[in-house]
Amino acid sequence: MPKIKQIALRVKQLDNVTQFYKNVLGMTLHVSSDKEVTLGTKDRILLKLITDPSYTDPKEPVAGLYHVAYLLPERKYLASFLNHIIDERIPVEGASDHGVSEAIYLRDPEGNGIEVYVDRPKSMWPMKNGQIEMYTNAMDIADVMILKETFKGLPLGTRIGHVHHHVSDIISHEVYYKKGLGMDLVLQYGGSASFLSYDGYHHHVGINVWKGRGIHSPKKTDFGLDVVTMSYEHASDIEKIANQLSENNYLVNKQDGNLYTEDPSGHGWLLVLE
């Protein structure tokens with residue numbers, strides 16, 4: 001199954017944001033310079049932070065990252081993370097049960113949305129009329145916390161499970177992710193949000209118009225999302241997507257031997273071999 005390998009963010013205060021991901025998210029620092037930092041687990045880079053004097057705040061609401069979701073390998077790690085942020089008095093925006101998963105929501109110092117979550121076994125995912133049904137209920141925090149252990153940072157096996165974007169409209173983006181990137185539509189929420197994935201996962205991509213319909217695409221110098229890297233097992237998978245993108249007149253370029261494309265709101269995707 002294709003996987004989201006890493007995400008890159010353009011940030012204002014590189015040191016401040018780096019410390020947040022190290023101390024709050026428990027990421028391991030891999031490479032650091034005055035322009036770029038990479039972080040993740042001990043054996044995997046999940047996040048790249050980049051900064052440049054040319055970056056600026058958008059002057060109006062624009063499309064961009066709603067949140068990036070870090071998928072933990074076991075529920076006990078979610079309990080340990082939750083206990084850690086309670087101890088550190090880190091503000092959270094939610095602790096939810098989605099049926100398919102349990103998730104904690106927060107933001108980094110520059111407002112980039114973060115979800116830290118754990119999946120339930122696929123056999124337990126709620127279904128309705130043969131389709132996955134996700135919902136949002138309050139997390140049973142007491143039940144989760146039974147499993148808490150000492151927080152030791154992001155465990156091995158943590159990866160990016162999905163990304164969720166603010167977009168300008170739903171329909172054109174559904175078409176892009178289906179006909180361009182070859183994902184399947186999993187779920188629609190009343191015309192305001194949709195979720196798409198590969199191979200029956202509950203979602204690799206979420207899209208919503210909660211920031212406003214018709215919002216503009218971000219500039220390449222706006223703070224926020226830079227690019228999402230998706231990895232594929234076979235070169236033929238990427239070649240197939242390249243053909244689909246071209247046939248449907250979507251942007252597709254070669255970048256350092258990999259494939260670069262953008263959805264209709266300008267969210268960049270770099271497609272690489274695993």
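Strands here are DSSP runs of E with at least two residues, numbered from the N terminus, and two strands pair if DSSP finds at least two bridges between them. The model is predicted: local features need pLDDT of at least 70, side-chain atom pairs count only at pLDDT 80 or more, and totals for chains, interfaces and linings use all residues. Residues are numbered from 1 along each chain as its sequence is written, and side-chain values use heavy atoms, with hydrogens and water left out.

Five residues lie between the strands in the hairpin of strand 18 and strand 19. Within this hairpin, Gly-266 takes a positive phi near 90°. Strand 19 also runs parallel to strand 16 (residues 224-232), and five bridges join the two. Leu-270 of strand 19 is the bridge partner of Tyr-260. Leu-270 also stands opposite Thr-229. Strand 19 spans residues 268-273 and is mostly covered, with five of its six residues buried. Buried means under 20% relative accessible area, exposed over 50%, and partly exposed in between (1.4 Å probe, protein chains only).

Elsewhere, Glu-102 lies in strand 7 (residues 101-107). Glu-102 counts as buried because its relative accessibility is 3%. Its side chain joins that of Arg-75 through a polar contact of 2.8 Å. Such a contact is a pair of N or O atoms within 3.5 Å; within protein, one must be able to donate a hydrogen and the other to accept it, and residues adjacent in sequence count only if both atoms are side-chain atoms. Leaving aside residues up to four places away in sequence, Glu-102 touches Arg-75, Leu-78, Ser-96, Val-116, Tyr-117, Val-118, Arg-120, Met-139 and Val-144; contact means heavy atoms within 4.5 Å.

Definitions and conventions
Helix = DSSP H or I, 4+ residues; strand = E, 2+ residues; numbered from the N terminus.
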